Amino acid sequence: MKSEKVKEMLDSCYMAKRILDMLPKLPEGVLPSYVRYLETIIERHLSKGFRCE
């Protein structure tokens with residue numbers, strides 16, 4: 001891997017970590033995977049024409 005690509009990859013990891021650190025803490029008992037499950041369910045409903053309110 002070229003050194004430029006390695007630098008880009010490390011920069012991306014650093015930025016992702018900073019973004020995660022800025023997010024609010026999840027309520028007690030809620031895991032990050034739960035949020036992903038909900039996002040997937042919402043995306044599937046929207047793709048089938050359902051409205052989410």
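This is a predicted model: local features need pLDDT of at least 70, side-chain atom pairs count only at pLDDT 80 or more; totals for chains, interfaces and linings use all residues.
Biologist: Thanks! What share of the 53 residues counts as buried?

Modeller: The share is 0% of the 53 residues. Isoleucine 19, for instance, is partly exposed because its relative accessible area is 46%.

Biologist: How many helices and strands does the protein have?

Modeller: Both are DSSP runs numbered from the N terminus: helices are H or I with at least four residues, strands E with at least two. Here there are two helices and zero strands. The protein is more spread out than a compact globule, because its radius of gyration is 17 Å, well over the 10 Å that the globule rule gives for 53 residues. That radius is taken over C-alpha atoms, and the rule is 2.2 Å times the number of residues to the power 0.38.

Biologist: What does the C-alpha trace span along its principal axes?

Modeller: About 45 × 30 × 15 Å.

Biologist: Now the charges. How many salt bridges does the structure hold?

Modeller: Five, each being a side-chain nitrogen of Lys or Arg within 4 Å of a carboxyl oxygen of Asp or Glu. One of them joins the side chains of glutamate 8 and lysine 5, at 3.8 Å from N to O. Both partners lie in helix α1, three residues apart, about one turn of the helix.

Biologist: Are glutamate 8 and lysine 5 buried or exposed, or partly exposed?

Modeller: Glutamate 8 is partly exposed, with 40% relative accessible area, and lysine 5 is partly exposed too, with 49%.

Biologist: Which residues are linked in a network of salt bridges?

Modeller: Arg36, Glu39 and Glu43 are. Arginine 36 meets glutamate 39 at 3.3 Å, N to O, and bridges to glutamate 43 with the closest N and O atoms 3.9 Å apart. Arginine 36 and glutamate 39 share helix α2, three residues apart, about one turn of the helix. Arginine 36 counts as partly exposed at 42%, and glutamate 43 does so at 47%.

Biologist: Which residues make the nonpolar surface patch?

Modeller: Patches take residues with over 30% relative accessible area and no salt bridge, joining like charges within 9 Å and nonpolar side chains (Val, Leu, Ile, Met, Phe, Trp, Tyr) within 5 Å. Leu26, Val30, Leu31, Tyr34, Val35 and Tyr37 make the nonpolar one here, about 520 Å². Areas come from the Shrake-Rupley method with a 1.4 Å probe; for residues, only the protein chains shown count as cover. Tyrosine 37 lies in helix α2 (residues 32-47) and counts as exposed, at 53% relative accessibility.

Key
Residues are numbered from 1 along each chain as its sequence is written. Side-chain values use heavy atoms; hydrogens and water are left out. Buried means under 20% relative accessible area, exposed over 50%, partly exposed in between (1.4 Å probe, protein chains only).
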